[in-house]
Amino acid sequence: MAKKQMRAAVIGAGMSGLVAARELRRERHQVVVFERSNDVGGTWLYDPRVESDPLGLDPGRDVVHASMYQSLRTNLPRQIMGFSDYPFLKKGSGDSRNFPGHEEVLRFLRGFAEDFGLVELIRFRHEVVRVEQAIEGRRDLWAVEWRTRGGEEAAGMDVFEAVVVCNGKHTQPKIAEFPGRSTWPREQLHSHNYRVPEPYKDKIVLIIGREIARAEDDGKLVFQDGSSLYADVIIHCTGDKQTYSFLQYSYHFPFLKTKGLISVDNNRVGPLYKHVFPPCLAPRLSFICIPYLAFPAQPSELQSKWAAKVLSGEVVLPSEEEMMSSVQEHYQRVEELGWPKHHTHRLEIGKCEYEKWLVDQVGLPSLEQYREKMARIGLELWKYVQSSDENWRDTWDGDKWMQEEGFGKQIS
Ligand code: FAD
């Protein structure tokens, strides 16, 4: 059977949007990538600006996309941040550390975009402001409305046969709520707007997840155990022990108009079959990189391959009813595990299982060896991190371990 070739829009040119564009094009779809900034890289495109509302509460604020601070180094080794056929290798003049600074990740993503000829697919400075069915009730045509940002102002609308959403999940801050929060007279920001330490020199800075009992008008902060202090600044860092930093942010799709068919409820994006396809709109609408607590490059690559092959007709999805019951089963499992709703897209326990499932879908057995190798490296790293000191990134002998694993050999 001839493969279908679709005109597909990808929203975002971060790591997920780039790999989605590559996989869609490999399946011979016509791809347009909309990117609101002037470069690729998404999160890894460090922006020294902070938002006008440092807590990110004002919906009208000018959004700064990246939640990146200046001195950030990766918390995963480069060996598990690459793609199956495009490893994140050490290169001569760059940052050769196993856990490099953010600039090196940006160089890697720029290289990926250039080497696969993706740059020509991207409309930079194009912000997508609306995605909606072009004709009500028809799920096969999508209107994508955009406006330019910076430079000459323009706006327009294009119609696509498919839309792949890759707009990232670390931009919309989630703050801690406690009595007196909104009237506390001193400085508060979300970690999204933290860039450099200098403004906080000699100040008392309190970094919080939740636990303040109340804030008082004279600057006093009272904790749940009754103790108190006066602070100059509160930085909201609202991840928790189980999800680390991931749930400091909310999934946010302000452009998506689906009349309630897809919603974000307490960080559950749903319903989504296998975290990618909304059953009632599949396969023409899909989401890449929704899950967290995985090494992001791997599920994003696998999800992208899967979505591209489903659109071309090479891989067939189950019926809408079957997809919906799979979603319900997943919700049930989340409940049985005792996870709150906002952990719906957490992989962790099911991580390997989920990626294995994706490998089976895309029908590329060679990827299974790669996936297993990455899982072994991840496990090794995790054991090391737990038993090590705060300099673990510099003391981990990743190179030796990587040689044993044959890292750097590309798979076809
Ligand atoms: P993003 O990188 O966020 O890209 C989304 C893109 O969509 C952006 O370019 C944005 O401009 C664009 N966009 C958004 N809305 C629109 C719109 N309406 N119209 C047009 N374009 C739009 N991962 C690791 O593997 N290793 C690490 O060490 C690591 N450290 C991290 C540290 C921090 C502080 C953070 C926040 C994340 C970290 N991550 C790490 C995870 C990181 O998010 C992923 O590596 C990866 O960047 C996710 O890519 P993405 O494409 O899904 O999203």
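Helices (H or I, at least four residues) and strands (E, at least two) are DSSP runs, numbered here from the N terminus. The model is predicted, so to speak of local features requires pLDDT of at least 70 and side-chain atom pairs count only at pLDDT 80 or more, while totals for chains, interfaces and linings use all residues. Residues are numbered from 1 along each chain as its sequence is written, and side-chain values use heavy atoms, with hydrogens and water left out.Strand β4 (126-133) gives the most to the shell around the ligand, with three residues. A residue is near a molecule if one of its heavy atoms lies within 4 Å of it, and of the 29 residues around the ligand S16, E35, T43, H65 and N75 come nearest. The shell divides into 12 nonpolar, 14 polar and three charged residues, where Ala, Val, Leu, Ile, Met, Phe, Trp, Tyr, Cys and Pro count as nonpolar, Asp, Glu, Lys and Arg as charged, and the others, Gly among them, as polar.

A polar side-chain atom of H65 lies 2.6 Å from an oxygen atom of the ligand, and a backbone N or O atom of N75 lies 2.8 Å from a ligand oxygen atom. Taken alone the ligand exposes 980 Å², of which the protein buries 91%, with areas from the Shrake-Rupley method and a 1.4 Å probe.

Elsewhere, strand β7 (residues 162-165) points A162 and V164 one way and V163 and V165 the other, and all are buried, that is, under 20% relative accessible area with a 1.4 Å probe and protein chains only. Two strands pair if DSSP finds at least two bridges between them; β7 runs parallel to β1 (residues 7-11), joined by four bridges, with V10 opposite V164. Strand β18 (residues 285-287) also pairs with β7 in the parallel sense, over three bridges, and there F287 is the bridge partner of V165.

Terms used
Buried means under 20% relative accessible area, exposed over 50%, partly exposed in between (1.4 Å probe, protein chains only). A polar contact is a pair of N or O atoms within 3.5 Å; within protein, one must be able to donate a hydrogen and the other to accept it, and residues adjacent in sequence count only if both atoms are side-chain atoms.
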